[in-house]
Amino acid sequence: MSEIDLQQVKWLVRELASDDAFVRRDAIERLAILTQQRLDYRWSGSPAERRRTVKRWKRWIAREERARRGRHVKTTIQILAGGTIDKEALDAALESLPPAQKKALMAKVLAKVTAQHAGATSLPTCEHCERRPATAGVTQLQDDGTYTYRQLCEVCAHREGG
Ligand SMILES: [Zn+2]
């Protein structure tokens with residue numbers, strides 16, 4: 001399930017304070033659909049009652065924002081702990097973080113990517129002598145008409161070719 005659009009909730013909560021009863025009614029009905037709650041707000045309530053329940057809505061938004069930051073940090077840590085880095089997931093995870101925290105996490109992610117890249121470019125071992133690093137890929141036509149591909153070191157590639 002996707003998260004509730006908090007910007008939309010904020011906008012509707014502002015409308016709860018409207019002097020226009022129709023605007024208030026429309027706003028609370030849309031909030032009820034969006035969030036599955038009314039927090040005791042009544043569009044026909046007295047101004048004092050409405051002010052009190054609008055505050056309740058604002059507290060709910062603040063709590064929801066804190067909870068989301070917590071979830072995003074958790075997601076980011078999972079991404080950092082996992083094998084691959086999904087750029088989209090990372091952007092979403094870091095989106096609402098305070099700048100200092102975001103900077104620190106980005107540094108960690110970059111360090112991880114750098115480490116992965118270094119691992120990927122280290123050479124495999126030669127498939128023939130199984131000692132030297134394989135620097136050449138050798139494709140050979142076999143007697144049965146099939147091709148084989150082997151990763152070989154400089155020395156073995158030369159021997160196989162000659
Ligand atoms: Zn070799």
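These legends describe close-up views of one predicted model.

**How to read the views.** The model is predicted, so local features need pLDDT of at least 70, side-chain atom pairs count only at pLDDT 80 or more, and totals for chains, interfaces and linings use all residues. Residues are numbered from 1 along each chain as its sequence is written, and side-chain values use heavy atoms, with hydrogens and water left out.

View 1. Helices (H or I, at least four residues) and strands (E, at least two) are DSSP runs, numbered from the N terminus. Along the sequence, the pattern reads α-α-α-α-α-β-β-α. The chain has 162 residues, and 27% of them count as buried. Buried means under 20% relative accessible area, exposed means over 50%, and partly exposed lies in between (1.4 Å probe, protein chains only). A contact means heavy atoms within 4.5 Å. Among contacts between residues at least 6 apart in sequence, 36% join residues at least 24 apart.

**View 2. The largest nonpolar core has 15 residues.** A nonpolar core is a set of buried Ala, Val, Leu, Ile, Met, Phe, Trp, Tyr and Cys residues joined through side-chain atoms within 4.5 Å. In soluble globular proteins, nonpolar side chains tend to be buried together. Val9, Val13, Leu16, Leu31, Trp57 and Trp60 have the most contacts inside this core. Three helices, α1 (6-16), α2 (21-35) and α3 (47-81), each supply at least two of the core residues. The largest share, five residues, comes from α1. Apart from this core lies another, of seven residues, including Leu152, Cys153, Cys156 and Ala157. Now look at Val13. What does Val13 touch, not counting residues up to four places away in sequence? Its partners are Leu31, Val54, Trp57, Lys58 and Ile61.

**View 3. Helix α1 has buried residues and exposed ones.** Leu6, Val9, Leu12, Val13 and Leu16 are the buried residues of α1. They lie on the same side of α1, because they cover an arc of only 120° around the axis. That arc is taken from the directions from the helix axis to the C-beta atoms. On the other side of α1, Gln7 and Arg14 are exposed. Asp5 caps the N-terminal end of this helix. A side-chain oxygen of Asp5 lies 3.1 Å from the backbone nitrogen of Gln7.

**View 4. Four cysteines coordinate the zinc ion.** Donors are N, O and S atoms within 2.8 Å of the metal (3.2 Å for Na, K and Ca); water is not among the atoms, so sites may look incomplete. Here the donors are the SG atoms of Cys126, Cys129, Cys153 and Cys156, at 2.3 to 2.4 Å. Which geometry does the site of the zinc ion have? The site is tetrahedral, with angles of 100 to 115° among the four donor atoms. Four donors count as tetrahedral if all angles lie between 85 and 135 degrees. Ideal angles at a metal are 109.5 degrees for four tetrahedral donors. The donor residues follow the spacing C-x2-C-x23-C-x2-C in sequence. Distant parts of the chain are linked by Cys129 and Cys153, which are 24 residues apart. Cys129 sits in the loop between α5 (99-121) and β1 (136-141). Cys153 sits in the loop between β2 (147-152) and α6 (154-161). Both of these cysteines are buried.

**View 5. Thr139 lies in strand β1.** Is Thr139 buried or exposed? Thr139 is exposed, with a relative accessible area of 51%. Thr139 and Tyr149 are 10 residues apart in sequence, yet 4.4 Å apart in space, C-alpha to C-alpha. Leaving out residues up to four places away in sequence, Thr139 touches Tyr147, Thr148 and Tyr149.

**View 6. Glu49 and Glu64 are two residues of helix α3.** Glu49 is buried, with a relative accessible area of 18%. Not counting residues up to four places away in sequence, Glu49 touches Asp40 and Arg42. Glu64 is also buried, at 17% relative accessible area. Its neighbours within four places in sequence aside, Glu64 is in contact with Leu6 and Arg71.

**View 7. The loop between α2 and α3 holds Gln36 and Leu39.** Phi of Gln36 is near 60°, a positive value in a residue other than glycine. Gln36 counts as exposed, at 68% relative accessibility. Phi of Leu39 is near 50°, again a positive value in a residue other than glycine.

Note on methods. Polar contact = N/O pair within 3.5 Å; in protein donor to acceptor, adjacent residues only side chain to side chain. Tetrahedral: all angles 85-135°; square planar, octahedral: opposite > 155°, others 65-115°.
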